[in-house]
Amino acid sequence: MTVMEKLVATDQPLLRVDGLTKRYGPRIGCADVTFDLYPGEVLGIVGESGSGKSTLLSCLAGHQRADLGRISYDGRDVLAMSETERRRLSRTDWAYVHQNPRDGLRMGVSAGGNVGERLMAVGARHYGQIRGKAVDWLGRVEIAVDRVDDRPSAFSGGMQQRLQIARNLVTGPRLVFMDEPTGGLDVSVQARLLDLLRGLVRDLGLSVIIVTHDLAVVRLLAHRLMVMKSGRVVEQGLTDQVLDDPQHAYTQLLVSSVLQA
Amino acid sequence: MIRIESLSKSFTLHNQGSAVIPVMAGASLTVAPGECVGLTGQSGAGKSTLMRMVYGNYLTAGGRLIVGDLDVATAEPRQIIALRRHTLGYVSQFLRVVPRVPTLDVVAEPLLALGTPAEDARDRAASLLRRLNIPERLWSLSPTTFSGGEQQRVNIARGFAHTYPALLLDEPTASLDAANREVVLTLIEEAKARGAAILGIFHDEGARARVCDRLVDVTGFTPRLAA
């Protein structure tokens, strides 16, 4: 059975989010967010700055604590977990790709070390195997083997982002959170990264939640789309359907405001 | 294979005075396995809108829209994703791909998404590209830089890579020369022979006469303006 067939065979959501709410004092961060995410699915979250999409992502990833609601991962209640359990989850099953690679990399450590460190954190001890796996992953994200001992500070922005992805995926996570992963990159570099991400999602059967303000990125990457405004989800559905036949006034405005290249 | 019953559709333009524009009412048709049904009607009559609704790209306001055993009108997004992956192919007039991806992979992608081994998927892609006369030296390049006719043929190769039981074709012969038009018509005939249900838009009257078993004029589905 291939990865895809296995995925089709599993009919249980990997992640269930129900009524998730986060307030900052009297202000709403995000309110009453509900969705399911299945294995192999990419969910895009779009909305303008301040719409609550980043708050939602950080509550999901456990960087912030939600005030209300439930998050269930693979049948386990995430908000009821102990801090140790949750940390173990974010080191093994989960990954988080930051917009700025500097937030997700250790800039003083070599590229190979950045990837190998993650393996050691989950118990790998054999140096040869760690290095072998690190080199393999650098290859997958198209970083030449002769750069393995260079520090990320010597890399271009696009390479740093690909290194961050390798560091995140080396431990074989099932759920990846991405915050504007293509933001701040040249369009040519963006295309290369999109191609890479699509291949990884397909071949590894990853589930991904990607926050972005770039509608072209979600069209090419996300299966489903959620549109947020003022902390609430105003519309969700199949990505191309939401973009081509938007139902909510805000989504219509968002879609019609995109400049055509 | 495809059964449409009293389908309706309207667009509500919230940012233009909430104007409601009814675009379709009472649309009904069926396409049996092995049959090709052509949609006719003037530009703006709703041919593409109907095709987009069948594909789940546009939402429906009312009615039933059965493809295989799924009602697309009420299906969950993930059911439509699975339908598009396994059952329902779509050759649109425009190629929309990630820039930089080689043509061979663009064509192989529907098979890779189904879990077909990469080598088999690329073999199938290569044979389609060869049949459609895309020179082999272009296969490693992204189709985004190709001419309109070449892009159209890449799009067709991609649409025929997997043997979908149902297929939507939007002007598949539009910008093709005689030789390539013949290849596409043969591909359509082969798909029919293996039992695919095809719904298509063909402005090319010769093509329409050759592959379509029946024609449906969508003008009959245009809502009457209120008197």
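In helix α2 of chain A, the buried residues are A:K53, A:T55, A:L56, A:L57, A:S58, A:C59 and A:L60. The helix runs over residues 53-60 and is mostly covered, with 7 of its 8 residues buried. Here a residue counts as buried when its relative accessible area is under 20%. After α2(A) comes A:G62, whose phi is positive, near 85 degrees. These values, like those that follow, are computed from a predicted model.

The chain contains 11 helices and 10 strands. Its radius of gyration is 18 Å, close to the 18 Å that the globule rule gives for 261 residues, and chain A is therefore as compact as a globular protein of that length. Of the 261 residues in the chain, 52% count as buried. The contacts within chain A can also be considered by their separation in sequence. Among those between residues at least 6 apart, 68% join residues that are at least 24 apart.

The next topic is the meeting of chain A with chain B. How many residues of each chain take part in the contact? On chain A there are 28 residues, and they are in contact with 29 residues of chain B. Together the two chains bury about 2500 Å² between them, and 53% of this area lies on carbon and sulfur atoms.

One of the salt bridges joins B:E109 to A:R198, with the closest N and O atoms 2.4 Å apart.

Which elements of chain A give two or more residues to the side that touches chain B? They are the helices α1 (3-9), α8 (187-204), α9 (215-221), α10 (239-244) and α11 (249-256), together with the strand β10 (232-238). Of these, α8(A) gives the most, with 6 residues. Sorted by class, the side of chain A that touches chain B has 12 charged, 9 nonpolar and 7 polar residues.

Conventions:
Residues numbered from 1 in each chain as written. Chains lettered and ligands numbered in written order. Predicted model: local features only at pLDDT ≥ 70, side-chain atom pairs only at ≥ 80, totals over all residues. Heavy atoms only, no water. Contact = heavy atoms within 4.5 Å. Buried area = accessible area lost by both parts, 1.4 Å probe. Salt bridge = Lys/Arg side-chain N within 4 Å of Asp/Glu carboxyl O. Helix = DSSP H or I, 4+ residues; strand = E, 2+ residues; numbered from the N terminus. Nonpolar A, V, L, I, M, F, W, Y, C, P; charged D, E, K, R; others polar. Rg over C-alpha atoms; globule rule 2.2 N^0.38 Å. Buried < 20%, exposed > 50% of the residue type's maximum accessible area, 1.4 Å probe, protein only.
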